[in-house]
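Here is a short briefing for someone meeting this structure for the first time. Keep the model in view while reading.

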Amino acid sequence: MKKTTSEIRQSFLNFFKEKGHVIIPSSSLIPENDSTLLFTNAGMNQFKEYFLGQKQKFYPRVTTVQHCLRTGGKHNDLENVGYTKRHHTFFEMLGNFSFNDYFKKEAIMYAWELLTSKKWFNIDKNKLWISVYEEDEETYEIWRNIIQVPSNHIIKIGNKNNSQYDSENFWQMGETGPCGPCTEIFYNYNNSDERNDFLKNKDEGFIEIWNIVFIEFNRISKTKIVPLVNKSIDTGMGLERITAVLQNVHSNYNIDIFQKLIKKISKFTKLKDLNNISLKIIADHIRSCAFLIAEDILPSNEHRGYVLRRIIRRALRHGHKIGIKKNFFYKLVPSLIEIMGDSAEILKKKEKKIKSTLKIEEMQFSQTLDKGLKILNAEIKKSINKKISGKTAFYLYDTFGFPIDLTSDVCREKNIKIDFKSYNIAKEEQKKRSNIKNKFYKDYNQDIIINDSCIFEGYTKHKTKSFVKYIFIKNKSVSLISKGQIATIFLDKTSFYPESGGQIGDVGELYYKKSCFIVENTKKYGDSIGHFGKLISGKIIVNELLYSKINQTYRNSIQLNHSATHLLHAALQKVLGKNVVQKGSLVSDTHLRFDFSYSNNINLSQIQKIENVINKKIRSNDLIKIKNLSLDEAKKKKAIALFDHKYKDFVRVVFIKDFSIELCGGTHTKRTGNIGLFKIIEQSNISSGIKRIEAVTGQKAIDYLHVKDNNMQNISFLLKCKHSNIKEKIEKLIIQVKTLEKKTDQLQKKENIYQIKKLIKNIDNIKGINLLINIFQNYDQKSMRMIVDQLKKELKIAIIVLINKKKEDFTVIIGVTKNLTNHITALKIINVFIQKTNGKGGGKKEIAEGGSMNIKTLPMILTNVKLWIKKKLENIKIESFNN
């Protein structure tokens, strides 16, 4: 009987558990402390810091089944999904890792045993081919002499373009950082025994199923690598690929989990062909969408939320294509949970939220999908040279929410290309605002790497006696610093809390005898803590004694805000509902900021309820208790864990009675009463479904209320009324203002009529075309627009240029009647003004506005503009337009 995907997943873990590996759960799809990645895209992502030496190993041998997503950057599989047999957005990566424990020989032997042993996967040895790095003779010898793979089944892969270490079989984390040769195991679907067939049919006849990387070097630059002190093993085997092999199918979409999903989707349509590409795409996309939403990512127009939106909309478009008329995507979630087995635990917990989010997004996009597709199909029909313009693609994106890959998908099916050059020009401004390449590239050698730890004593002590372990100036290690130098100092123990979990780092001083170092910030470096600042006296030498002393007033202010953040989190869930999930926070000495997921609007009444709940807890002066518990104990007590994957076996739990129980590594005040007062100062939307609250506590809250009192006092003084009568007084003033505005409008209309009669007398008539240029002095801009519109109606064929001259600048409004716009436009005329006066402006063919500070040039510019217009009008034939 064939093994199911769930059984294969578990067999892999069981095998490596027997070999002394500790099973580590999948880390989040959102990489922890790694801005170089949008999403976790490989099993090794959560172990980067161990490979880099930034953290010491916690277990020498580890095995995982890692959830991965590849939809952007170097690993962008989205466009291939559904069209190939093995590309996915979401997939599961099986991996085993060694941190300075076993190396090449053992890693290869484990892989071979798992794949070929009758007890495990029982794959025919003759079906397996191997690739090795050409310069890695040791690995070749292991395969040939110890494993006894035939030499014609071992392929040496060399460097590209004679560039050393630039090979498919030399793996590297990035442009810098840990790297090393790798060996890959391929399954031969073709039964061919020819080396040339392997080289030609890789990715089709010969399928890579496992990659074993020997991390033994650190790349310093493009041309320089150095050996690592600690050598590691990093492997990856796609669960879907190995399942296809073991279930004897050639496509990942024919394995059990996908076939069940595809059959479920087909019930929403009359389509009977289960090999249809659209069915495959929808089956793939529901997995990635569900797991992303389970990680509290919500559809939006930026960053990770936009990737989710792209995937959802691509799936919906394919549903539309195969005739699914009603909302269907969210209805696949229960089936997905059932199919995914042990990997679906996070989906079970968030099922309600996943379904709700998908349903809302589907309803919103369905309203524009039909319209957008009609426009796109019309453009495709009239396309020249099988190409549509980038402007059309951008219009679909900007107006109908069509991600470019969705438009590409439709065009690809009809053999149509997109003019990406003009698309990119149209989208240039947005690209500048979110330059993904700059945001997600990291030079690992520009970081301070400390393969050491520091004992943090700051929970109970404000001052510690320490020894200097390292000093860095501009990320380079030095042995001493002198007065005036800026540096980062690392100690064996410290009272300084490093910036972490939203809480800012401590400030204070490091000192001994005549030496004093002012600490301006404190940050984490792996398991160590760096104190950044400036030496103001004496000198500091590595291995010498130093006292670390935090600024206690600064720390106390931070602690009050941090404890208030916990109260806020609990109050939000109490007032707005349990679906509120923290998305980020900032805890500083002056204020706190809290971001959370919530899709509805928050009104003033709810804000006040939240404040009342928190201030009641402050008045109760509850003791804030902190306990170190096992993770299981913390879960039993229903402690809020923001990122499950971050926590070790024992965790620090902050209790504010039973009102708030959270896992937290930050510092806190002893009692809620110390907070004094809590006041929300601002509430805003930062993206789709994500809200932000900013608040102040204690004296800052009192100061904020004092400012409001002062403002109210000033307002009542200006209005000449009591505080209690301000609202009534303002309402009366609003009525008076509206009455005066009506009267002013009536007078202005009369004034405009008078001005129009005057202006008509000064019109130049050029070949039957009316040209009017007039200068006003400090005239109302709105009235000038009305005059232009009225003159265009009355004059029928006209160009009107009205200038409003002020003390130091001028504005200009230009109107051109529609029957002239094929010959001369308001936009072209305004451009003449802009070019000659270094001004600003814009508009359309019939109306344009602009202005300039360069008022001295106005007389000369008017002369030039008048001549330019007259020259244009001389070439117009009066018969060429219809009155």
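The side chain of serine 588 makes a polar contact with the side chain of threonine 590, at 3.2 Å. A polar contact is a pair of N or O atoms within 3.5 Å; within protein, one must be able to donate a hydrogen and the other to accept it, and residues adjacent in sequence count only if both atoms are side-chain atoms. This is a predicted model: local features need pLDDT of at least 70, side-chain atom pairs count only at pLDDT 80 or more, and totals for chains, interfaces and linings use all residues. Residues are numbered from 1 along each chain as its sequence is written, and side-chain values use heavy atoms, without hydrogens and water.

**Around serine 588**
- Serine 588 sits in the loop between β25 (581-587) and β26 (592-597). Strands (E, at least two residues) and helices (H or I, at least four) are DSSP runs, numbered from the N terminus.
- Its side chain also reaches the backbone oxygen of histidine 591, at 3.1 Å.
- Serine 588 is buried, with a relative accessible area of 7%. Buried means under 20%, exposed over 50%, and partly exposed in between (1.4 Å probe, protein chains only).

**Salt bridges**
- The structure holds 30 salt bridges. Each is a side-chain nitrogen of Lys or Arg within 4 Å of a carboxyl oxygen of Asp or Glu.
- One of them joins arginine 317 and aspartate 409 (3.3 Å, N to O). Arginine 317 is in helix α9 (residues 303-321) and aspartate 409 in helix α14 (residues 404-413), so the pair ties together parts 92 residues apart in sequence.
- Arginine 317 is buried at 5% relative accessible area, and aspartate 409 is buried at 3%.
- Aspartate 452 pairs with lysine 469 in a salt bridge, with the closest N and O atoms 2.9 Å apart. Aspartate 452 is in the loop between α17 (436-439) and β14 (455-456), while lysine 469 is in strand β15 (residues 463-473).
- Aspartate 452 is buried, at 14%. Lysine 469 is partly exposed, at 28%.
- Lysine 617 and aspartate 622 form another salt bridge (2.8 Å, N to O). Both residues are buried.
- A network of salt bridges links Lys104, Asp136, Glu138, Glu216 and Lys231.

**Helix α1**
- Among the buried residues of α1 are Ile8, Phe12 and Phe16.
- Glycine 20 follows α1 and has a positive phi, near 85 degrees.
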